[in-house]
Amino acid sequence: MVRQIVRGRLVVTRWAAVDRAIEDGAVYIEDGIVQETGPFTTLSQRHPGSETVGDGTQLVMPGFVNAHSHGRGVTTLRQGIPDDPGEVRSVGLRLGLSVDPYWDVLLTSARQLEGGITATMHLDTNYGYGPVASYEDRLHRVCRGYTDSGIRFSVTLAFRDPTIDDPYLDERFLAGVPSDVRPEIEKWRRPIPSLEEYLGLPGELADDGALLQLEPVGVEACSGEFLSRIRREADARGFRIQLHLLETPYQKAHALKRFGKSSVERLAELKFLGPDVSCAHCVWFTERDIEALRRTGAVVVHNPSSNLRLRNGLAPVGPIAAAGIPVALGIDNLSINDNEDMLQEVRLAQLLQSPPGIGQATITPETALFWATEGGGQVLGIPGLGRLEKGSPADLVLTRLAPIETSVLRHGQDLAASVVQWVRQTDIQEVMVGGRVLVRAGRYVGGNRDEIERNAYESTHQWTLTPGVSLVRRKIVERYSAEHVTVEPYYRFHSRS
Ligand SMILES: [Zn+2]
């Protein structure tokens, strides 16, 4: 049995109960599972001979859970795909997939671990389509990348409804394309597997060690039959579900036009939503949507950096949380510095969701830290994830205490507020997943970091504005501009009076 004691000048066991921070504390671990927390002197006497991690000067806290990402170590902007709303980006995403996702996944995992993220949700959107066998190959490589990295992970398999028209590859669209550009665009047309083929994938991936979830892609346009079949399959086989929901105003407008009701109300009526469903983005919600989602018990995954970068707006996460809906945080491989910095994401979430005005309800720092830890634990469905209590996975972060030591220990300032405001990614020193130390002195040590980075860049497409890409992007922009979609944002930028 492997026995370890992680010691810290300050040990935080849960962000929901910040008063439980233990001075000169420790976490006792057996075979990667937390057994006990308490004063270091007590635990070291009780468990002599344990390996000690940490020098007793640091802050020890639960590892972060990134509740929504896509396994892009080489980020889309690095691949040359501009930050645009998904409707425009889809052209680049389809062409910009890594040739071999293995190295890309290793790179994002190394970066996330260096940012204190110990568990991650990978949603494999599979923009490339093609025969199901190629998707299966890709997923095996994805799972292997995560397994080899050491990070705790879950993989969501994305299923496309083959009845949904591809907006820029159908015959009507292609008919208007000049003949010299058409062959390039036609090459992007690849078959979409049937739902039956998709549903065979979990069986094929059973030995890959991944916790699997399911996603219906483009839920705003999926048929009721397609959604119901996925829901039944998830129930029968115990899969959780993650989906993108109302990320852009166009998704909202199209669902209203097509089904005469909001996507949230439609999904609730179809009994698709439940506590095992997490919904990423949720930017274009109304009060009615918030109430409809609340009744289902579903979780909202907030992605503040991504929503800002892709110009999708500010999600009403303050009102969502106030309604009692569970919230988690995701980076979506689009953090504002492109570096998977969860501490920054927490800071951003807390500040953006605190509206102006004296007496307004604000998001507290411990709430934002809770979203980034236990909130994500609910999305992955791993008991005890995001906290350090008996039975929890030993997933934790050790940082320098110096940025907050005087404020917290001498002046008694609020610990969560101090961590959010003053601790930086560069203060992270060691990161442990299941008892295994994967980051030392702030650097990933689970593999050859330089080799991973080099191979990830070498196995990734660099996206260029070919004639076909330029034309399709222009047509998409024209098409959406002509729609004059005007939906009132929940949050406004400034006063107009
Ligand atoms: Zn996403």
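Guide: Gladly! Let's begin with a term: domain bounds here come from an automatic or database domain assignment. Keep in mind that this is a predicted model. The chain is divided into domain 1 (3-61 + 394-446) and domain 2 (64-380), and 31 Å separate their centres, taken over C-alpha atoms.

Visitor: How do you know that residues of domain 1 are in contact with residues of domain 2?

Guide: Two residues are in contact if their C-beta atoms lie within 7 Å. By that test, 24 residues of domain 1 are in contact with 24 residues of domain 2. On the domain 1 side, α18 gives the largest share, four residues. By class, that side has 15 nonpolar, four polar and five charged residues.

Visitor: Why are β12 and β13 called a pair?

Guide: Two strands pair if DSSP finds at least two bridges between them. Three bridges join β12 (residues 299-302) to β13, so the pair meets the definition. Across from L329 in β13 stands H302.

Visitor: What makes helix α15 (residues 342-352) mostly covered?

Guide: A residue is buried if 20 or more other C-beta atoms lie within 10 Å of its own. Eight of the eleven residues of α15 are buried, including M342, L343 and Q350; therefore the helix counts as mostly covered.

Key: Residues are numbered from 1 along each chain as its sequence is written. This is a predicted model: local features need pLDDT of at least 70, side-chain atom pairs count only at pLDDT 80 or more; totals for chains, interfaces and linings use all residues. A residue is buried if 20 or more other C-beta atoms lie within 10 Å of its own, exposed if 12 or fewer, and partly exposed in between; C-beta atoms are placed from the backbone. Helices (H or I, at least four residues) and strands (E, at least two) are DSSP runs, numbered from the N terminus. Ala, Val, Leu, Ile, Met, Phe, Trp, Tyr, Cys and Pro count as nonpolar, Asp, Glu, Lys and Arg as charged, and the others, Gly among them, as polar.
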